[in-house]
Amino acid sequence: MKDISFLFLVGIQYSLVGGKSNWTGRVELSYDGVVGTVCAWSWKTADAKVLCRQLGYADGIVSYDHNNKLVPTKRWVTGYFCQGEEKTLMTCLNTGFNSTFLDDLCLYNEPGAYASCYNDMIGTHIHMCYMY
């Protein structure tokens, strides 16, 4: 049986891609020149908060504004389980990098995890959330 682990890989770059702005989009990881995504089944606000702080923003939330034009890519991480206070996604409990652990919970061609980041705390700017 595989255990959920901590991910300690050096050289992973995170980005938000395909959003309507630079601070929102699909969560993508680049490692060794290969771009991949995070499975959406376990992605939650605590994970988005950690990612957004890691990208230099003050806060973040899960986004459901998926860009259907983005091509499915390799799935690097099946799930993160952050508490919300971690410094980086690499220090959150996770399913492992490039692991098939819990892979069956990810739907084939799913859109992946999405996030929206903010420079102010979410609680004071909840009115900034909008639907298209």
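This is a predicted model: local features need pLDDT of at least 70, side-chain atom pairs count only at pLDDT 80 or more; totals for chains, interfaces and linings use all residues.
Q: Is D59 buried or exposed?
A: Buried means under 20% relative accessible area, exposed over 50%, and partly exposed in between (1.4 Å probe, protein chains only). D59 has 3% relative accessibility and therefore counts as buried.

Q: How many salt bridges does a search of the whole structure find?
A: The search finds 4 salt bridges. One of them joins the side chains of K20 and D65 at 3.3 Å, N to O. K20 lies in the loop between β2 (13-18) and β3 (24-31), and D65 lies in the loop between β5 (59-62) and β6 (74-77), so this pair ties together parts that are 45 residues apart in sequence. K20 is exposed at 52% relative accessibility, whereas D65 is partly exposed at 29%. Another salt bridge joins the side chains of K44 and D47 at 3.5 Å, N to O. K44 is partly exposed, with 33% relative accessibility.

Q: What surrounds D47, and which residues does D47 touch?
A: Contact means heavy atoms within 4.5 Å. D47 is found in helix α1 and is buried, with a relative accessible area of 0%. Not counting residues up to four places away in sequence, D47 touches S42, Y80, F81, C82 and L89. The side chain of D47 also reaches the backbone nitrogen of C82 at 2.9 Å; a polar contact is a pair of N or O atoms within 3.5 Å, where within protein one must be able to donate a hydrogen and the other to accept it, and residues adjacent in sequence count only if both atoms are side-chain atoms.

Q: In which sense do β3 and β4 pair?
A: Two strands pair if DSSP finds at least two bridges between them. β3 and strand β4 (residues 34-38) pair in the antiparallel sense over 4 bridges, and the bridge partner of S30 in β4 is V35. These two strands form a hairpin with 2 residues between them. D32, in the loop between β3 and β4, has a phi near 55°, a positive value in a residue other than glycine. D32 counts as exposed, at 71% relative accessibility. β4 and β6 pair in the parallel sense over 3 bridges, with V77 in β6 as the bridge partner of V38.

Q: Which residues touch the most other members of the largest nonpolar core?
A: A nonpolar core is a set of buried Ala, Val, Leu, Ile, Met, Phe, Trp, Tyr and Cys residues joined through side-chain atoms within 4.5 Å. The largest one here has 25 residues, of which V27, L29, W43, Y80 and L89 touch the most other members. At least two residues of this core come from each of β2, β3, α1, β6 and β9 (114-118). Helix α1 gives the most, with 5 residues. Not counting residues up to four places away in sequence, V27 touches residues including L16, V38, W43, L51 and Y114.

Q: What pattern does the chain follow along the sequence?
A: The pattern is β-β-β-β-α-β-β-β-β-β, which comes to 1 helix and 9 strands. Of the 132 residues of the chain, 43% count as buried. Among contacts between residues at least 6 apart in sequence, 70% join residues at least 24 apart.

Technical notes. Residues are numbered from 1 along each chain as its sequence is written. Side-chain values use heavy atoms; hydrogens and water are left out.
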